[in-house]
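The following paragraphs are meant to be read beside the sequence and the coordinates. Please keep both in view while moving from one part of the chain to the next.

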Amino acid sequence: MKTEPKKLLIITYYWPPAGGPGVQRWLKFVKYLPDFGVQPIVFIPENPTYPIVDDALVSEISDKAIILKQKIFEPYQLAGIFSKKETKKISSGIIPNQKKQTFLEKILLWVRGNLFIPDARKYWVEPSVDYLKKYIQENKIYTIVTSGPPHSLHLIGLQLKNDLKINWLADFRDPWTTIGYHKALKLSSYAAKKHKALEKKVLTTADTIIVTSKTTKTEFKVITNQPIEVITNGYDVENIPRQKLDEKFTMSHIGSFLSDRNPAILWEVLSELVSENENFASRFQLNLIGKVSQEIIDSISKFNLSNYCNLVGYVSHNKAIVFQKKSQILLLIEINSPETKSIIPGKLFEYMVSERPIIAIGPKESDFAEIITTTNTGVFFTYDEKERLKKTILANFELYLENKLQVYPIGLQQYSRKNLTEKLVQILNQNS
């Protein structure tokens, strides 16, 4: 007798055709959940405001998934009437340097932080709860997952938990009040306390908390006694063949390059290398693939690197993978702040299986430093290791000249999307 699959209701905002890292996590979980006897039911907005769109990802949606859609009202839709450029920039997470913010950007940030708590998708909470309560009861669903950010989706889970006593897992792809950009939202004392109160309510009510890093788990353990599980992001099998490596000594950064993620130490090192080493200067190329803030571009110009910079812009996920496989070196940069040591960029795992060396720069005690080191996929630097960084880039350049620039990864299988989905199912079974 065939066993009926367990039903899992997944409440998420980012879903194809949304692009960027936020969509990948649950798109891949949904892909593999049926392999473990789980029927994924995905609840998404019908008319979302996605700052990045990648239509190619639509083809990756599992044909075994049930998709539910409900309309959403978002203030970004109205704000875009007055300034589409600034609205899109802020909604995509690119917050300008405080000293260079326009008057309109300052107003938008203040409104975003103080009037829309926890975020601008808050108006989706009540209508979603009304719709889902009926659906859950009619379809005998016993477990839900909410994925944030946007953290307003956790408020949907909170209300459903209170009303239906349903089993609820809250998945935090990023932290809430300790994430780097939270301070940039110009929060009033009242707004800051409200964020903290909502965060605590979610963390103490959900049956299980899922986080993507050990540091976030440590931070949340101070707030709640509920079980906290770590499931990192990961990599999937890509149907993209091995690529011929770039002829130039390419160093490529793939993904959004935010203002506060500006690695002056790297630009300084590269500027010295191109001025001191004629051979390096003739072969070096810096590729920036994805949305790049103006502050990053200005900094590159300040260090006289503009002529070496190839600003590609946003490309589809598949094209990004091609760039990864072709590049000589892959760059991974995180904001130099204690608040960001818990952030493990999603692209790290795709970098690791691209078979190209990673040069990573981030704050001390970064969680992703341990992953890079233990998997032997690259070298991590803090923001005060200029000479070591310079020596490493030069050593890699010498290996490139000899056609010997390679990487020898170990232990990557634990980060495959299918293995991570199996871990998720184990947690679901513990809670059922």
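The axes of helix H9 (residues 264-276) and helix H15 (residues 386-401) come within 10 Å and cross at roughly 50 degrees, where axes are lines fitted to C-alpha atoms, for helices over the stretch in contact, and angles run from 0 to 180 degrees between N-to-C directions. That angle makes H9 oblique to H15; angles under 35 degrees count as roughly parallel, over 145 as roughly antiparallel, 65 to 115 as roughly perpendicular, and the rest as oblique. The crossing of H9 and H15 is right-handed, a crossing being left-handed if the near helix is turned anticlockwise from the far one by less than a right angle, and right-handed if clockwise. Helices (H or I, at least four residues) and strands (E, at least two) are DSSP runs numbered from the N terminus.

This is a predicted model, in which local features need pLDDT of at least 70 and side-chain atom pairs count only at pLDDT 80 or more, whereas totals for chains, interfaces and linings use all residues. Residues are numbered from 1 along each chain as its sequence is written, and side-chain values use heavy atoms, with hydrogens and water left out.

Which residues make the meeting of H9 and H15? From H9 come Ile265, Leu266, Glu268, Val269, Leu270, Glu272, Leu273 and Glu276, and from H15 come Lys386, Leu389, Lys390, Ile393 and Leu394, contact meaning heavy atoms within 4.5 Å. The buried residues of H9 include Ile265, Leu266, Val269, Leu270, Glu272 and Leu273, where buried means under 20% relative accessible area, exposed over 50%, and partly exposed in between (1.4 Å probe, protein chains only).

The axes of helix H5 (residues 125-139) and H6 come within 10 Å and cross at roughly 45 degrees, so the two helices are oblique to each other, and their crossing is right-handed. On the H5 side the contact is made by Val125, Glu126, Ser128, Val129, Leu132, Lys133, Ile136 and Gln137, and on the H6 side by Ser152, Leu155, Ile156, Gln159, Leu160, Asp163 and Leu164.

Helix H6 (residues 152-164) also packs with H7, their axes coming within 10 Å and crossing at roughly 50 degrees; this pair is therefore oblique as well, but H6 passes H7 in a left-handed crossing. Here His154, Leu155, Leu158, Lys161 and Asn162 in H6 meet Leu198, Lys201, Val202 and Thr205 in H7.

Helix H7 (residues 189-205) has 17 residues and reaches 24 Å from its first C-alpha to its last, close to the 24 Å expected. Within H7, Ala191, His195, Leu198, Glu199, Val202 and Leu203 are buried. Seen down the axis of H7, these buried residues fall within an arc of 130 degrees, so they line one face of the helix, the arc being that of the directions from the helix axis to the C-beta atoms. On the other side of H7, Ser189, Tyr190 and Lys193 are exposed.

Most residues other than glycine have a negative phi, and most peptide bonds are trans. The bond from proline 16 to proline 17 is cis, with omega near 20 degrees, and proline 17 lies in the loop between E1 and H1. Another cis peptide bond joins glycine 148 and proline 149, with omega about 5 degrees. Lysine 165 has a positive phi of about 55 degrees although it is not a glycine, and at 65% relative accessibility lysine 165 counts as exposed.

Technical notes: The expected span of a helix is 1.5 Å times one less than its number of residues.
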